Amino acid sequence: MTRVVAVVVAFNRAELLVEVLDGLRAQTEPLAGIVVVDNASTDGTRDVAAATDVDLVALDRNTGGAGGFAAGIARALVHHEPDWIWIMDDDSVPTPTAAAELRVAAEVSGAVLAASRVVWHDGRDHPMNTPRQRPFASSRRRAAAALAGGIPVRSASFVSILVRADAAREQGLPVADYFIWNDDFEYSTRLLRGRDGIYAPASVVIHKTKAFGSTDVDPGPRFYYEVRNKLWMLRRSASLNPAEKALYGGATVLRWARTWRGSTDRATLRDAFRRGWRDGWRTVPRPNATALADVGTVAADIAAVEAGRARG
């Protein structure tokens, strides 16, 4: 029997986490395990998770989404023997067939990653979580994805993706030092360089954000992470080939321009850009085993996964 293990990263959304866990337990294909990573929440999130039958990873500090997913994926790989890892945020409520539809789409198409259709609470497709189609996909890739009712993709967000465990073991973990923004872009493109991914619209997840919109709408000081991490990715990551770096680099410049035009606080945006640009050129992300050495017992799992990737 195929083993699907869910990994949820949680931070100060206790009430929503209850909905997410209820959705996971209501799947038509029961999950082999649920790993919840609590990023040092202060609102009782940890108590909510601890009161259930999940595998709780309680981090000693907030490591952001990037560090949380690195810790959770490591926990799943080391302790749960998964065939697939289902990655999601703590405000992503899955519909009952979401996992089964992802698994079927991935297995039929031969993909190592499958992404859900993500909708807002009113049913509209959420613009924050649209997977990037694979540019110039071959006829083979298009046909394989179409056979499974989807389209080939080059990247996807962490809101709801199913990742084949052996691909995760080979490629390692998300880069924890990204903290937030572009960690899912870097990780999903790394997994999908030379491998197939699929957008599976039959798998539906409700993303219960407070507002309907994309992340480039007036991000304020968090724009620092967008700039720094995008430069880290374009300069240091092997997730994209040179042509893709040029393509996505150009798209990034256009996105930054839209963000600037739409901002109501350009002084904050300017400062965030300046600091992100500086650190994106002057610094590099640390190895996960170093960046997460102090987060608790899961640090050993992270080190083990990264060591296994190095040996492989």
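Contact here means that heavy atoms lie within 4.5 Å of each other. The structure is a predicted model. Its largest nonpolar core has 40 residues, and a search of the whole structure finds 24 salt bridges.

**Helix α4**

- The buried residues of helix α4 pack against β4, β5 (92-94), β6 (113-119), α5 (139-147), β9 and β10 (197-207).
- Those buried residues are A98, A99, A100, L102, R103, A105, A106 and S109.
- Helix α4 covers residues 98-109, and its 12 residues should span 16 Å at 1.5 Å a residue; the end C-alpha atoms are 17 Å apart, which agrees.
- Just after α4, G110 has a positive phi of about 80 degrees.

**Nonpolar cores**

- Within the largest nonpolar core, I87, L113 and I161 have the most contacts.
- Helix α3 (residues 64-79) supplies the largest share of this core, 7 residues.
- A second, separate core has 31 residues, among them V4, L31, A49 and A105.
- Leaving aside neighbours within four places in sequence, I87 is in contact with V7, F69, I73, F158, V159, S160, I161 and V163.
- In soluble globular proteins, nonpolar side chains tend to be buried together.

**Strand β4 and its partners**

- Strand β4 (residues 84-89) is mostly covered, with 5 of its 6 residues buried.
- Strand β1 (residues 4-10) pairs with β4 in the parallel sense over 6 bridges; here M88 of β4 is the bridge partner of V8.
- Strand β9 (residues 160-164) pairs with β4 in the antiparallel sense over 5 bridges; here V163 of β9 stands opposite I85.

**Helix α8**

- Helix α8 (residues 223-236) has 14 residues and reaches 20 Å from its first C-alpha to its last, close to the 20 Å expected at 1.5 Å a residue.
- Of the 14 residues in α8, 10 are buried.

**Salt bridges**

- D91 forms a salt bridge with R13, with the closest N and O atoms 3.7 Å apart. This pair links distant parts of the chain, 78 residues apart: D91 is in the loop between β4 and β5, and R13 is in the loop between β1 and α1 (14-25).
- D91 counts as buried because its relative accessibility is 4%, whereas R13, at 35%, counts as partly exposed.
- R13 and D91 also belong to a network of salt bridges that includes D90.
- R25 forms a salt bridge with D53, with the closest N and O atoms 3.3 Å apart. R25 lies in helix α1 and D53 in the loop between α2 (45-50) and β3 (55-58), so the pair ties together parts that are 28 residues apart in sequence.
- R25 is partly exposed, with a relative accessible area of 39%, while D53 is exposed, with a relative accessible area of 64%.
- Because the two residues are 4 residues apart in the helix, E107 and R103 are separated by about one helical turn.
- E107 counts as partly exposed at 40% relative accessibility, whereas R103 is buried, with a relative accessible area of 15%.

Terms used. Residues numbered from 1 in each chain as written. Predicted model: local features only at pLDDT ≥ 70, side-chain atom pairs only at ≥ 80, totals over all residues. Heavy atoms only, no water. Core = buried A, V, L, I, M, F, W, Y, C linked by side-chain atoms within 4.5 Å. Buried < 20%, exposed > 50% of the residue type's maximum accessible area, 1.4 Å probe, protein only. Pairing = 2+ DSSP bridges. Expected span 1.5 Å × (residues − 1). Salt bridge = Lys/Arg side-chain N within 4 Å of Asp/Glu carboxyl O.
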